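The following note comments on a structure for a reader who is new to the subject. Please keep the sequence and the model in view while reading the numbered points.

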Amino acid sequence: MKIISINAGSSSLKFSLFNMEDETVIASGLFERIGIEGSCYTIKYNGEKIEQKVEMNNHEDAVHLLLERLIDLHIIESLDEINGVGHRLVHGKDKYSSSVIITDEVIKDLDEFSDFAPLHNPANILGIKAFKEVLPNVSMVGVFDTAFHQTMDKTAYLYPVPYSWYKDYGVRKYGFHGTSHRYIADSVNRIFGREDLRVISCHIGNGGSIAAIQNGKCIDTSMGFTPLAGIMMGTRSGDIDPSIITYVMEKEGKNASEVIEDLNKHSGLLGLSEYSHDMRDIIESAEQGNEKAILARDKYVRTIVNYIGQYYLLLGGADAIVFTAGVGENSSPIRRLVCESLLPLGVKIDLEKNEIRGEVTKISDKGSKISVYVIPTNEELMIARDTMSLIGE
Ligand code: ADP
């Protein structure tokens with residue numbers, strides 16, 4: 001059985017084609033600058049990489065081209081080989097707590113929830129409509145970023161603000177990166193061979209969030225009403241005192257959206273270091289003694305440790321702490337600094353094992369009270385698994 005996982009952005013479309021017999025990636029790639037001058041695509045398969053500039057006016061053009069190329073390159077012999085298409089969808093509000101077969105109602109809901117994810121939901125709809133047009137008879141499944149967090153209780157997801165904001169406008173914590181946290185929870189269950197576990201999943205990439213998971217279910221997560229909340233990120237501030245917003249509006253003559261833009265795009269590592277949003281640059285600079293880079297790195301670590309401590313108490317202990325995503329999978333210095341701060345919880349890492357990059361590895365020492373793992377996330381595979389299980393029903 002072959003399944004395509006799709007992640008559609010406003011001008012891009014990422015895909016992975018899976019052979020679900022052994023869950024291997026047959027081909028993957030990216031179609032970029034769709035509807036913009038200079039549109040191009042990259043397809044990787046069999047260890048080769050094909051890049052080409054081609055005019056693509058819309059997502060439908062991109063999907064046509066993708067399928068054409070899959071056949072031309074003999075990656076598949078006919079479109080009949082594609083059994084299902086899984087779409088990464090961002091916001092399902094509190095209506096969707098698991099993946100679903102995409103129907104007209106799902107598309108209508110995505111549109112209705114666009115207020116909550118103004119960049120992502122409309123782009124997801126473009127991706128769905130393009131596949132619907134080009135492959136009308138193939139079942140499609142939607143996998144929401146918010147779904148895994150729907151098991152949080154009210155104490156976790158409500159903000160201490162006027163209750164009517166929640167009732168009337170849906171102001172609450174939704175959480176994001178749910179598909180990644182669910183993949184981590186499943187992976188830890190497989191490693192331990194049981195499900196009654198307390199897991200702290202640290203998805204730290206350019207965006208980042210931490211989830212507290214008990215018996216495979218999310219009980220709290222660091223992102224909130226939007227992905228701006230929680231830990232410090234590449235360019236996002238994470239949690240701040242909201243009064244800063246009106247104060248800076250007055251000081252800089254900006255409106256609220258402009259200050260929120262500063263918090264989304266000019267804060268985090270970039271904001272504090274005044275140099276880069278990329279952890280590789282920050283670490284290198286910090287190692288050379290750059291004070292702003294050291295500050296940015298240390299604040300980043302502090303916000304992660306704060307959430308881990310919080311979730312350790314909430315879970316009543318922890319069986320596993322997992323690092324994943326760009327920084328979590330690759331940055332041994334950040335993992336070391338986080339784990340050193342967790343010494344009071346009995347965490348000890350093996351410095352040699354911690355040097356690993358991008359491979360499932362237990363990096364905690366034998367004497368550690370909590371097992372610490374690096375587990376590369378795989379949202380695309382999770383989407384393909386959900387698609388296979390729903391279309392098989
Ligand atoms: P996104 O949130 O955009 O999906 P990723 O999970 O791909 O981000 O993470 C990207 C980030 O991972 C980069 O900005 C970079 O800071 C970090 N990263 C990647 N490789 C390394 C590395 N070897 N050391 C430190 N950080 C790294």
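This is a predicted model: local features need pLDDT of at least 70, side-chain atom pairs count only at pLDDT 80 or more; totals for chains, interfaces and linings use all residues.

1. Leaving aside neighbours within four places in sequence, Thr179 is in contact with Val143, Phe144, Asp145, Glu379, Met382 and Ile383, where contact means heavy atoms within 4.5 Å. Thr179 belongs to helix α6 (residues 178-192). Thr179 counts as buried, at 1% relative accessibility; buried means under 20% relative accessible area, exposed over 50% and partly exposed in between, with a 1.4 Å probe and protein chains only.

2. Residues are numbered from 1 along each chain as its sequence is written, and side-chain values use heavy atoms, with hydrogens and water left out.

3. The protein chain holds 14 helices and 14 strands; these are DSSP runs numbered from the N terminus, helices being H or I of at least four residues and strands E of at least two. Its radius of gyration is 21 Å, close to the 21 Å that the globule rule gives for 393 residues, so the chain is as compact as a globular protein of that length. The radius is taken over C-alpha atoms, and the rule is 2.2 Å times the number of residues to the power 0.38.

4. Of the 393 residues, 53% count as buried. Among contacts in the chain with a separation of 6 or more, 61% are between residues 24 or more positions apart. The C-alpha atoms fill a box of roughly 60 × 55 × 45 Å along the principal axes.

5. An open sheet is formed by eight strands in the order β5-β4-β3-β2-β1-β6-β8-β7, with mixed pairing. Strands β5 (48-53) and β7 (100-101) stand at the edges, each with a single partner strand, so one side of each has no neighbour in the sheet. Two strands are said to pair if DSSP finds at least two bridges between them.

6. Which strands does β8 join, and how do they run? Six bridges join β6 (residues 82-89) to β8, and these two run parallel; here Val85 stands opposite Met140 of β8. Two bridges join β7 to β8, which run antiparallel, and Ile101 has Val141 in β8 as its bridge partner. Five of the six residues of β8 (residues 139-144) are buried, so β8 is largely enclosed by the rest of the structure.

7. Elsewhere in the sheet, β2 (residues 13-19) and β3 (residues 24-32) run antiparallel and are joined by seven bridges.

8. Helix α13 (residues 332-341) has seven of its ten residues buried, so the helix is largely enclosed by the rest of the structure. The buried residues of α13 include Ile334, Leu337, Val338 and Cys339. They pack against several elements, among them β9 (198-204), α11 (291-315) and β14 (371-374).

9. Val305 lies in helix α11 and is buried, with a relative accessible area of 15%. Beyond its neighbours within four places in sequence, Val305 is in contact with Val338, Ser341 and Leu342. Val305 and Ile231 are 74 residues apart in sequence, and their C-alpha atoms are 9.3 Å apart in space.
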